[in-house]
Amino acid sequence: MAAAAAPTSWLTGQGLGGRSPGFQFPWRSKEKLQRKYAGKAVYGQISAKFELKPPPYPPNALEPHMSKDTLEYHWGKHHRAYVENLNKQIVGTELDGMSLEDVIIVSYNKGDMLPPFNNAAQAWNHEFFWESMKPGGGGKPSGELLELIERDFGSFDRFLKEFKSAAATQFGSGWAWLAYKANRLNVDNAMNPFPSEKDKKLVVVKSPNAVNPLVWDYSPLLTIDVWEHAYFLDFENRRPNYISVFMDKLVSWEVVSKRLEIAKARATKREMEEERRKKEEEEENSEDEAVEVYVDGDESESE
């Protein structure tokens, strides 16, 4: 009987096309990975085995704007395949047992993506997409969300124009996003886009294929799927029509507002942690300086 094959270890370079046998990633163990990326995830911890979560409404609830056939095909086949393939890819690897968000961040690998990235990101993207919609959605947001949109885009109409343009001009497959950017880009994780001096603002971004704003350390608030299978049954190749219907009839602004609250709370927590770390470092430096002065004084007296 042939011996069982050892599990693939992407994080040590085994099984990676184009890598030399001696190549190793800087992370050597699950524990080190978890320490390095602790706190990077935006949402709750969802450990493998990952499950296919149904949309928060019946399959026909979005009609006539999104048909039952589209939702059953998109969720029941595409989304299901991403989740099932992800579970197969990560079982027995260093990624097994991590949260879905951490799997995404680690497997993005500064843009040099590891094999599980596409399935992990697409599983997350689709669940986020379903929850971005509701029956009788669309219209205009209110409260702080509307205030920030008007502040950062000039008006709600300008935001709509920018979001629709991003979705329509994403070449090929991908996504358009409204995101909350509270920090400079974490360049330890992502290569592009480059960090900006401005922070704490809403931004519209588009991303190819499975990429999402988590890898740029942004907090996603809203997304639209512009892969062709998301709209072809209902709109054929008329992507702009699909985008307009999504924004006018389907968006759940209540969910987007709640995500903004979570993103702001996360940013505040990270700022407090950063201040605490700085204070601890300053105290340690002060103690080191005090020890040096004391030692110098002893040497002078002994002479």
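Glutamate 283 sits within helix H9, the element that covers residues 253-302, in what is a predicted model. This glutamate counts as partly exposed because its relative accessibility is 43%, and Glu283 also belongs to a patch of negative charge on the surface.

**The charged patch**
- The residues that gather in this surface patch of negative charge are Glu275, Glu281, Glu282, Glu283 and Glu284.

**Overall make-up**
- The protein is built from nine helices and three strands, and, read from the N terminus, these elements follow the order α-α-α-α-α-α-β-β-β-α-α-α.
- Of the 303 residues in the protein, 45% are buried.

**Around aspartate 96**
- Aspartate 96 is placed in the loop that runs between helix H2 (68-90) and helix H3 (100-108).
- With a relative accessible area of 25%, aspartate 96 is partly exposed, because that value lies between the 20% and 50% limits.
- The side chain of aspartate 96 reaches the backbone nitrogen of glycine 92, and the distance between them is 3.2 Å.
- Although aspartate 96 and phenylalanine 50 are 46 residues apart in sequence, their C-alpha atoms are 10.0 Å apart in space.

How values were computed: Residues numbered from 1 in each chain as written. Predicted model: local features only at pLDDT ≥ 70, side-chain atom pairs only at ≥ 80, totals over all residues. Heavy atoms only, no water. Patch = residues over 30% accessible without salt bridge, like charges linked within 9 Å, V, L, I, M, F, W, Y side chains within 5 Å. Areas by Shrake-Rupley, 256 points an atom, 1.4 Å probe, with all protein chains shown as cover. Salt bridge = Lys/Arg side-chain N within 4 Å of Asp/Glu carboxyl O. Lys, Arg positive; Asp, Glu negative; His and termini not counted. Charge placed at Lys NZ, Arg CZ, Asp CG, Glu CD. Helix = DSSP H or I, 4+ residues; strand = E, 2+ residues; numbered from the N terminus. Buried < 20%, exposed > 50% of the residue type's maximum accessible area, 1.4 Å probe, protein only. Polar contact = N/O pair within 3.5 Å; in protein donor to acceptor, adjacent residues only side chain to side chain.
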